[in-house]
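Dear colleague,

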Amino acid sequence: MDWGGIFENTLRAAIAKDAIVFALAAIGLNVHFGYTGLLNFGQAGFVALGAYGTAITVDYYGQSLWLGVLATIASAVVFALLLGVPTLRLRTDYLAIVTIAASEGLRLLLRSVTLGDFTGGSTGLSGFAGDFYSINPLPGGRYGFGPFRYSSDTWWMLTVGWTLVLLATLLVWALMRSPWGRVLKSIREDENAARSLGKNVYYYKMQSLVLGGVIGALGGFVNAVATRSVQPDNYGTAITFFAYTALILGGTARIWGPVVGAMLFWVVISFTEGVLREAIGNEVIPSSFMSTTQVGQVRFMLVGLGLALLMIFRPQGIFGDRRELALDAR
Amino acid sequence: MPAEGSGPLADVAPEPGVAKPDPILVVDGVTRRFGGLSAVDVDHLEVQRGLITALIGPNGAGKTTFFNVVTGFDGANSGRWTFDGRSVGGMAAHKVARLGMVRTFQLTKALAKLSVIENMKLGAVGQRGEGFLSALVPTLWRVQEREIEARADSLLERFSLGHMRGEYAGSLSGGQRKLLEMARALMAEPALVMLDEPMAGVNPALTQSLLEHVKALRDEEHRTVVFVEHDMDVVYDISDWVVVMANGRIIAEGTPTAIGANKDVIDAYLGTHHDAPLSEAEEERVLAEIEAVIAKESASD
């Protein structure tokens, strides 16, 4: 078995596009769920809007990339307001129902024939990433170190992506150590207590929903420019659940939890896949038992098993504090 | 307990809805119904400024609902009420709190995963760092934050919670949580403190210390206190005025001594339905109503 190749792929997965996209989606969820206690199950919708905001602005309207980024942020803000206005006065589980329905509704809308002119229907859009790579200041060619050898354009995408991750992390850190963050955490613990102390709970929840949504949308932007295309079916509910997995893996309400969680999530996925493929290729696992085409599904089963074990033996995630879980049980 | 015949309420007649010389809270015609059940139906009530008023009554009398309505946590079906001369009827709970009417809860709401000191600091109102943008510029709020922390620390010392300052609030005992909740409410500098069963679930050793704290609110800080309590010894010990509720209505008010001799009150507590706060006919009527609604809904499905 080619263990060197497996480990190289695994290391690459730690900093690859998917790790960036899910880190941003999970940082947004951390603001919603980790700090404010908002059960947002529609993060995929924010990510989709992030991708399509840029794609439609540049591809359909022929505007600049910068306007595309603005559209990405603006559409996430509008989506958050649309979700929040009717539901944030209600109990948290209503938000969960509304957000999951809205994100699926949004995906179906994006792939509908009626909006095909704007969105490209189920095939999506692809002619928008040129501007992003034309401003690439890095030298051309293919270079790197160790297992990390990429083309200039990939380096540019990774640089922008990880910069966004760092900026989002820094923003969340700055906010959560402030009195503003304290109000958010108090809402998570007990919103009536926050209300009884003069805090406008509805207003803070809305700010939280918008902030986390915009950060998630930036993940969509990265996904769009990295793949140079957007397709509606890439933004199904799986994005939301993977982002939650990454968040819980890293530890909720921890600054680095979502980032490390997302990296680790893709490392485990890549490692499992690599090992399975090699094992089948080398007849360690007989092809009568499992074929390479089944690896894609089986790796998720194994990852699911691993996560179940993690929840049993380290339920607080990597950065979490077990004492906090004990408090919930009281 | 102040001696009879002295104090600002000495000349006030012990009858429901009586006017007080200097009321901080005036409630007029407030009703709150749940279906057919009238949980609160208060014609008129005035709460005297700077004193401790006890709100007593059997279970289900509507005391907590009354608290919820007055502090904006629940909507009233009708009625007006003013706090410190300002109409606060229908005002959102957080605005009421900012005006200086701060309540605590029957089931203590310690913010479990925040430390004790963070719980306290949350209570301060008018924090500059609570705005989204100003939060990003610590120079705007750092000085104020230090002042708030100093005030929080001195309150924690007063409430004997100083040694717990860094612990999670969720790790406090039931009694300590009551203390924390009271101390946290004081961080908001309220003129009127509404305590919903502050002694419930507190062990007897702590009860005395809690009582001293409540008295200190009146005697040292000149705040007004309204509190719900079941223990009549506590009520006699610390309150200047007692308001009695039963079936949503105010059936009596007066000084503790006057209330102790009041026949209506004794009936409400020990009378025919002392363990059935709603009359059974009433309860059956409400149940029948609910069943009718359910039947109607399932028929239309």
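Helix α4 of chain B, residues 138-158, has 21 residues and reaches 29 Å from its first C-alpha to its last, close to the 30 Å expected at 1.5 Å a residue (the expected span being 1.5 Å times one less than the number of residues; helices are DSSP runs of H or I of at least four residues, strands runs of E of at least two, numbered from the N terminus). This is a predicted model, in which local features need pLDDT of at least 70 and side-chain atom pairs count only at pLDDT 80 or more, while totals for chains, interfaces and linings use all residues. Residues are numbered from 1 along each chain as its sequence is written, chains are lettered from A and ligands numbered from 1 in the order written, and side-chain values use heavy atoms, without hydrogens and water.

Among the buried residues of α4(B) are Trp141(B), Glu145(B) and Ile148(B) (buried means under 20% relative accessible area, with a 1.4 Å probe and protein chains only). Their cover includes α9 (179-189) of chain A as well as α3 (116-123) and α5 (174-187) of chain B. Glu145(B) also forms a salt bridge with Arg182(A), the closest N and O atoms being 2.9 Å apart (a salt bridge is a side-chain nitrogen of Lys or Arg within 4 Å of a carboxyl oxygen of Asp or Glu), and the rule finds four salt bridges across the interface of chain B and chain A.

The contact takes 38 residues from chain B and 31 residues from chain A, where contact means heavy atoms within 4.5 Å.

Best wishes

Terms used: Buried < 20%, exposed > 50% of the residue type's maximum accessible area, 1.4 Å probe, protein only.
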